[in-house]
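Me: Hey, I've got this structure open and I'm new to it. Can you walk me through some spots worth a look?

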Amino acid sequence: NESEGKYNVTIPEFSCLLQMDPYLKPYEKDFRRRYELLQKQLFLLEEAEGGFDQFTRSYNTFGVQRRPDNSLYFKEWAPAAEALFLTGDFNGWDKFSHRYTKKEFGKWELILPPKHDNSPAVDHNSKLKVVVHTKEGQRLYRISPWAKYVTREEKAVIYDWVHWDPPQPYIHIHPRPRKPTSLRIYESHVGIGSPEGKIASYNNFTTNVLPRIKDLGYNCIQLMAIMEHAYYASFGYQITSFFAASSRYGTPDELKQLIDVAHSMGIMVLLDVVHSHASKNTEDGLNRFDGSDSCFFHSPPRGVHSLWDSCLFNYSSWEVLRFLLSNLRWWMEEYHFDGFRFDGVTSMLYHHHGIGTGFTGDYSEYFGLQVDEDSLVYLMLANHILHTLYPDCITVAEDVSGMPALCRKVEEGGLGFDYRLAMAVPDKWIQILKELKDEDWNIGNIVHTLTNRRYGEKCIAYAESHDQALVGDKSLAFWLMDKEMYTNMSSLIPMTAIIDRGMQLHKMIRLITHGLGGEGYLNFMGNEFGHPEWLDFPREGNNQSYHYARRQFNLVDMDHLRYCQLYAFDRDMNRTEDKYGWLAAPPAFVSARHEEDKVIVFDRSNVLFIFNFHPSKSFQDYRVAVEAPGKYKIKLDSDAAQYGGHGRLDHNTEFFTQPEPFNGRSNSIQYSTIENPGLLYFRVHSLHHFSNNLCCITIPFSILLTCF
């Protein structure tokens, strides 16, 4: 094979992948072909562009650039265009006075000399447009795909390209934080980051939301809806301008300051990047930029996503690779983001985009003709470049299919992501709360869902994200407590049965997900304190209302409401993980999943978790298994009064292991009472003598014990 010799297709660490999963051996040819295609791209980049470093900095040559002599250099790629002109405030909107020169490979260039006073010909904050003449004689008005800032006048429909070249650009002060071993993500949307019924700002987020995130113990923020999107209600997933930070929240410099302040707090910031598809908008989007039905995208039907009604990129196109890879580099370099959550990865990986396809886990589903290897190799290329240039960069894949090796290194033949989202977990919790009575919860099924992940591929676990809160669904707290949240969340009145059950299960669901479900944890803003209702953006169907497009942080600040108790539990759960590091530890050992008792016991990182999900039963003299011998103490108790519990456990009690093997562990503890519903978390205090002590499980509760 000629190409094999040319691109050397030996996958350097493929044996590591096979050691992890020998069942991938029959698909070795697929892995080799993918790796060969990657090596071919890297070889061509080296040959044609001098390597990926230069290639991914193409934002320095495309769009508009101010040169040292203050002349402005404009460059676009519009292969199907007949002619290109630049118009704007600078030339009184003359459509023909400033013509681009045609270059090879569909490129167009224009140089504007400085004004007589040597200032640039186009002023900062003034408007521009590209005028595209098509071969069919049409005249089209377009925004540069490389536009760094776009705005919309009040009551206007179309966005305007605004030249962004401030005299004193923002300079980042604080270095990026190091990549944490335990990733605790606060998924955020700037626009809803205020209790007020309006679009909140970058500055509001910096001043009012960042301190809360820091206090809660999250070490990473995932920012949604930053890349400019004309339609606010798309939640930021119908991108129109890929290089522009959304102007509806403020200026680019205000976003830079937000990230800089987050870095000063030791918090990483990930961008929710949408490279899986793009808005169909033409006048203020990428679609039909040069008048053709392709350009950045495949021609229809391949270039249209039938469910999302959006355009699909042609990842085999050299200029599309330039655009998308430079886009990733732009957000890292210009704004100092620390990595990305890649949206819609399942849609990218398969020609069927996951539409009407149920993934069973059969390996044949992940290889063969249904896989779109152009986009798969794009993702390998993106991860390879990002992790080479930025060793602490974090990439997260939103994939529902379970593609093997998605989160293994490119050198092993994997796609190179650091984490995948454990998307089955929130679906399971919603299904349980919607469909099952408490006594019908299937404990084994819950444990299976929380532990069913590919060994050696890290997962981000979450009980709910923005998806679960969208209109048509509602937050976990609202599923649990519904309309009683409007009237019975005051701590000045006795707790009703519904609020009691809802509060306890809200804490337990989050902790068991945190402890058992993955190697990272994610929470959507506001859900940590049991945000009521659902999420809905202003649109025609709700009379453009902002009522559900806000986060009511004011609820936490009222001491007489129980929201602050849920907030305190979430904070202490994260702080406890920060101390003991179970997310960075190997997967938990589940020693009990008792269907009749509704009890789950597992240990991870020398931390013992005990959950009683039984709606009505407490248990006396309950034996639980543990590996590390020694003395255990309660470190986190969902039944503690400060978390809205009943304070039924004595936290001064010390629990000593007995050298009696039990449920697959070397030692055990007899616990006098396990209340319901509840959660218990212990940590081992000392690794010497153990004496008999009794234990209790109360209803419903969870505790966390640690060994000292």
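Me: Where is Phe235?
Reply: Phe235 sits in the loop between strand S12 (227–228) and strand S13 (241–245). Strands here are DSSP E runs of at least two residues, helices are H or I runs of at least four, and both are numbered from the N terminus. This is a predicted model, where local features need pLDDT of at least 70, side-chain atom pairs count only at pLDDT 80 or more, and totals for chains, interfaces and linings use all residues. Residues are numbered from 1 along each chain as its sequence is written, and side-chain values use heavy atoms, with hydrogens and water left out.

Me: What's the phi of Phe235?
Reply: Phe235 has a positive phi of about 65°, although it is not a glycine. Most residues other than glycine have a negative phi.

Me: Is Phe235 buried or exposed?
Reply: Phe235 is buried, with a relative accessible area of 3%. Buried means under 20% relative accessible area, exposed means over 50%, and partly exposed is in between (1.4 Å probe, protein chains only).

Me: And what about the phi of Ser605?
Reply: Ser605 is a residue other than glycine with a positive phi, near 55°. Ser605 is in the loop between strand S23 (599–604) and strand S24 (607–612). At 25% relative accessibility, Ser605 counts as partly exposed.

Me: Which residues does the cis peptide bond join?
Reply: Pro300 and Pro301, with omega at about 5°. Most peptide bonds are trans. Pro301 belongs to the loop between strand S14 (268–273) and strand S15 (304–305).

Me: Switching to helices. How do H10 and H11 cross?
Reply: The axes of helix H10 (residues 424–435) and helix H11 (residues 443–451) come within 9 Å and cross at roughly 160°. Axes are lines fitted to C-alpha atoms, for helices over the stretch in contact, and the angles run from 0 to 180 degrees between N-to-C directions. H10 and H11 are therefore roughly antiparallel to each other. The cut-offs are under 35 degrees for roughly parallel, over 145 for roughly antiparallel, 65 to 115 for roughly perpendicular, and oblique for the rest.

Me: Which residues make that contact between H10 and H11?
Reply: From H10 there are Ala424, Val425, Lys428, Trp429 and Ile432, and from H11 there are Asn445, Ile446, Thr449 and Leu450. Contact means heavy atoms within 4.5 Å. By class, the residues of the H10 and H11 contact are six nonpolar, two polar and one charged. Ala, Val, Leu, Ile, Met, Phe, Trp, Tyr, Cys and Pro count as nonpolar, Asp, Glu, Lys and Arg as charged, and the others, Gly among them, as polar.

Me: OK, and how do H5 and H6 cross?
Reply: Helix H5 (residues 202–216) and helix H6 (residues 252–264) have axes that come within 8 Å and cross at roughly 20°. H5 and H6 are therefore roughly parallel to each other. In their contact, Tyr202, Asn203, Phe205, Thr206 and Leu210 of H5 meet Glu254, Leu255, Gln257, Leu258, Val261 and Ala262 of H6. That contact of H5 with H6 has seven nonpolar, three polar and one charged residues.

Me: What about H5 and H16?
Reply: The axes of H5 and helix H16 (residues 563–580) come within 8 Å and cross at roughly 60°. That makes H5 oblique to H16. Here Arg212, Asp215 and Leu216 in H5 meet Tyr567, Asp570, Arg571, Asn574 and Arg575 in H16. The residues of this H5 and H16 contact divide into two nonpolar, one polar and five charged.

Me: How many residues does H3 have?
Reply: Helix H3 (residues 28–49) has 22 residues. H3 reaches 31 Å from its first C-alpha to its last, close to the 32 Å expected at 1.5 Å a residue. That expected span is 1.5 Å times one less than the number of residues. The buried residues of H3 include Phe31, Tyr35, Leu38, Leu42 and Leu45. Gly50 follows H3, and its phi is positive, near 75°.

Me: Last one: where does Tyr159 lie?
Reply: Tyr159 is in the loop between strand S8 (150–151) and strand S9 (160–162). At 4% relative accessibility, Tyr159 counts as buried. Tyr159 and His229 are 70 residues apart along the chain, with their C-alpha atoms separated by 9.5 Å. Not counting residues up to four places away in sequence, Tyr159 touches several residues, including His229, Lys129, Arg248 and Asp284.
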